[in-house]
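Good morning, and thank you for joining this group meeting. Please take a moment to look at the sequence and the structure on the screen.

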Amino acid sequence: MHPKQEELERQMSELCQALDNHLEDIYGGHYSIHPNRLKRGMGSNPSFDGLFSTSCSFTLGYGTKSGRGYLVNVEIRTLDRIPFEEKARIQDHAFDYIAENLKTFIPGRDLEVIRENNLMKIVGDFSLGEV
């Protein structure tokens with residue numbers, strides 16, 4: 001893998017971990033975590049423990065208006081029933097957090113977070129520059 005791609009992947013991972021911690025701070029005590037999950041702070045990565053599991057995964061975006069980018073996944077790991085309105089509020093918080101912090105975690109790139117259908121997606125310049 002190209003070193004600049006590795007760096008971008010590292011930055012995306014840090015953004016997702018920070019998002020996970022942010023959502024845990026706000027909603028972590030609202031619902032019980034899934035019985036198979038570790039308590040917050042017990043895993044090697046915030047996505048592996050607590051109430052939330054967040055990740056970014058690259059997509060070529062075939063069939064979409066925005067094309068390629070990174071899908072932002074926010075999963076709530078509980079057996080509790082969560083009202084649709086609450087899930088939407090959590091997604092809104094996640095979107096706002098990414099929009100406010102994207103340039104901090106991934107500086108020097110022309111990136112933005114968008115909503116496409118029911119998905120959050122980071123789009124923009126993913127070029128590696130001169131190789």
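I shall speak about aromatic rings and then about a pocket. Please bear in mind that this is a predicted model.

Let us begin with the rings. A search of the whole structure finds 4 aromatic pairs. One of these pairs is formed by Phe58 and Tyr70. Their ring centres are 5.3 Å apart. The planes of the two rings meet at 65 degrees, and planes over 60 degrees apart count as edge-to-face, so the pair of Phe58 and Tyr70 is edge-to-face. Phe58 belongs to strand 1, residues 52-59, and Tyr70 to strand 2, residues 69-76.

Phe58, at 40%, counts as partly exposed. Together with Phe126, Phe58 and Tyr70 form one aromatic cluster.

Another ring has a charged neighbour. Arg115 lies over the face of Phe95, at 4.2 Å from the ring centre.

I turn now to the largest pocket, which has a volume of about 340 Å³. It is lined by 14 residues, and the closest to its centre are Lys87, Gln91, Asn117, Asn118 and Leu119. Strand 2, helix 2 (84-105) and strand 4 (119-124) each give two or more residues to the lining. Helix 2 provides the largest share, 5 residues.

Thank you for your attention.

Terms used
Residues numbered from 1 in each chain as written. Predicted model: local features only at pLDDT ≥ 70, side-chain atom pairs only at ≥ 80, totals over all residues. Heavy atoms only, no water. Phe/Tyr/Trp six-rings, centres within 6.5 Å; stacked < 30°, edge-to-face > 60°. Helix = DSSP H or I, 4+ residues; strand = E, 2+ residues; numbered from the N terminus. Buried < 20%, exposed > 50% of the residue type's maximum accessible area, 1.4 Å probe, protein only. Lys NZ or Arg CZ within 6 Å of the ring centre and 35° of its normal. 1 Å grid on protein atoms, 1.4 Å probe; cavity = no way out; pocket = protein on both sides within 12 Å on 5 of 7 lines; lining within 4 Å. Points joined across faces, edges and corners; volume = space filled by probe spheres on them.
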